[in-house]
Amino acid sequence: MSVDGLVLSSAPNGHTFNYRSAVVHGECTQETDLGLKREIMKGVTNHIVADRWEDVNPVASFQVSLVCVLRVNIESMSGKSRTGIPGIQPRDREKDGPDREEPVWTGVVPLYDVLDRPVESGLTDGARIPDSLEAFIGRRNDKHKEYSLKVAKL
């Protein structure tokens, strides 16, 4: 699940979140082919941080054999999301009624994860942060912020 914003209404029961979630059901089998496991590890590594596989030490076959990779034959799945302002969605917008003399602020507080500056482990003295990691952090932060701001307005 990913939370993209705090949706604040004029009354507590109208408060919610802009979010995305998914549920997958299926049958799992364990993958044992070392070459395929290595390719999957590369794909997952590069999905977490773009081009990271190329910046790290090669993984030994013994280490690959210790990794458990599950293949899922998806039988069903569902996804759910919420975007936009509090209450009724944009095409049917109505203003909240005045229950107080002073109007209550309503709207969305965009929420997104930010990758901060990398912190050294102390295990590899003299190693510098790869340019590809710096670029990835910038692109990812911009992308998450842009999406959160976009769905706040839907």
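**Sheet architecture and cysteine geometry**

In this predicted model, strand β1 (residues 2-8) and strand β2 (residues 16-31) pair in the antiparallel sense over 5 bridges, where pairing requires that DSSP find at least two bridges between two strands, and where strands (E, at least two residues) and helices (H or I, at least four) are DSSP runs numbered from the N terminus. Within this pair, Gly-5 stands opposite Asn-18 of β2. The open sheet comprises 4 strands, arranged antiparallel in the order β3-β2-β1-β4. Its edges are formed by β3 (69-82) and β4 (107-110), each of which pairs on one side only. On average, neighbouring strands of the sheet are turned by 25° against each other, direction ignored, with axes taken as lines fitted to C-alpha atoms, for helices over the stretch in contact, and angles between N-to-C directions running from 0 to 180 degrees. Helix α3 (residues 131-153) packs on this sheet and touches β1, β2 and β4, its direction making about 175° with that of β4; contact denotes heavy atoms within 4.5 Å.

A search of the whole structure finds 0 disulfides, a disulfide being a pair of cysteine sulfur atoms within 2.5 Å. For Cys-28, the closest cysteine sulfur is that of Cys-68, at 9.4 Å, which is too far for a bond. Cys-28 is partly exposed, with a relative accessibility of 45%, this class lying between buried (under 20% relative accessible area) and exposed (over 50%), for a 1.4 Å probe and protein chains only.

Residues are numbered from 1 along each chain as its sequence is written. Local features need pLDDT of at least 70 and side-chain atom pairs count only at pLDDT 80 or more, whereas totals for chains, interfaces and linings use all residues, and side-chain values use heavy atoms, with hydrogens and water left out.
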